Amino acid sequence: MRNNYALCLLSLMLIVSYKASANEISGISGDVIALKANAASTENLIFKYDQSDYLILGLPYVYKTSIKTIGDVNIKVQFKNFGESRITIKDVSKVDLNKKDRERANAEALLIRAAIQSYDTSISPSFYFKNPVEGIISSRYGKKRFINEKPRSPHLALDIAANLGVEVSAPLKGRVILTGDFFYTGNTILIDHGFGLISSYSHLDSSIVKEGQMIQQGEVMGAVGETGRVTGPHLHWTIYLNKEKINPENLLKDNFLQNLFKASQDIL
Ligand SMILES: [Zn+2]
């Protein structure tokens, strides 16, 4: 089946043509959607499946239903209430940062932001994600977060709790584009899977990969830890697609791609 999804890598500029249609393209906060493209050339992902081209886009998290423009496509992104999570961080210096820590955290945020601009067309993502760690989901994507009772940014990642030292492996092949020991996320690895699909692994106890290294699906990258700002050992797993943080749990569902194509919307 996998060979049916040959990636079309022919073109780079976004030229998607539209059919005047009353149908609005829509999707849910943090989802991935497939749009039937008219042999489009694009900076986003184009998959060929069953004689058609599909543009695959990640939708942003939204605080309320709103129209977002991704590439040249206007999409109605629907708000979803993912619930909330309240955590207590005893070390208040990790919540109310002093000047030095704030400067450090800001500099690291810029480093991460620069890394996710990466757009490597030499790697073709299959989208057949494997679970990166054996554990228990401890916090899902999209939850409104309160730290020490104060509202904070929503949790746009999947937390998988596991014992210290449990192996973390690459869910999909890619290239390591950033590693570091960061204020919030502790020991962190970012992997570029190609065409704007990037994932990150945080709070690791140890990391055994180097920047620039290619890593295969299932290859061990490090071990679960509790570095950075945490309440206990877990993996904080973030996935970016076209620079939006999407819901990692969706990608682990059986037949993810087939169902995505089945539900595709028409922009011809
Ligand atoms: Zn998390």
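Residues are numbered from 1 along each chain as its sequence is written. In this predicted model local features need pLDDT of at least 70, side-chain atom pairs count only at pLDDT 80 or more, totals for chains, interfaces and linings use all residues, and side-chain values use heavy atoms, with hydrogens and water left out.

User: How many salt bridges does the count come to?
Analyst: A salt bridge is a side-chain nitrogen of Lys or Arg within 4 Å of a carboxyl oxygen of Asp or Glu. By this rule, the count is eight.

User: Which residue is linked with E84 and E149 in a network of salt bridges?
Analyst: The side chain of E149 meets that of R86 in a salt bridge at 3.1 Å, N to O. E149 sits in the loop between β9 (143-147) and β10 (150-155), and R86 in strand β7 (residues 84-87); strands are DSSP runs of E, at least two residues, and helices runs of H or I, at least four, numbered from the N terminus. The residue linked with E84 and E149 in the network is R86.

User: Is D120 buried or exposed?
Analyst: The side chains of D120 and R175 form a salt bridge at 2.5 Å, N to O. Buried means under 20% relative accessible area, exposed over 50%, and partly exposed in between (1.4 Å probe, protein chains only). D120 has 15% relative accessibility, so D120 counts as buried.

User: How many residues apart are R140 and E249?
Analyst: Their side chains meet in a salt bridge at 2.9 Å, N to O. R140 is in the loop between β8 and β9, while E249 is in helix α2 (residues 248-251). The pair links distant parts of the chain, and the separation is 109 residues.
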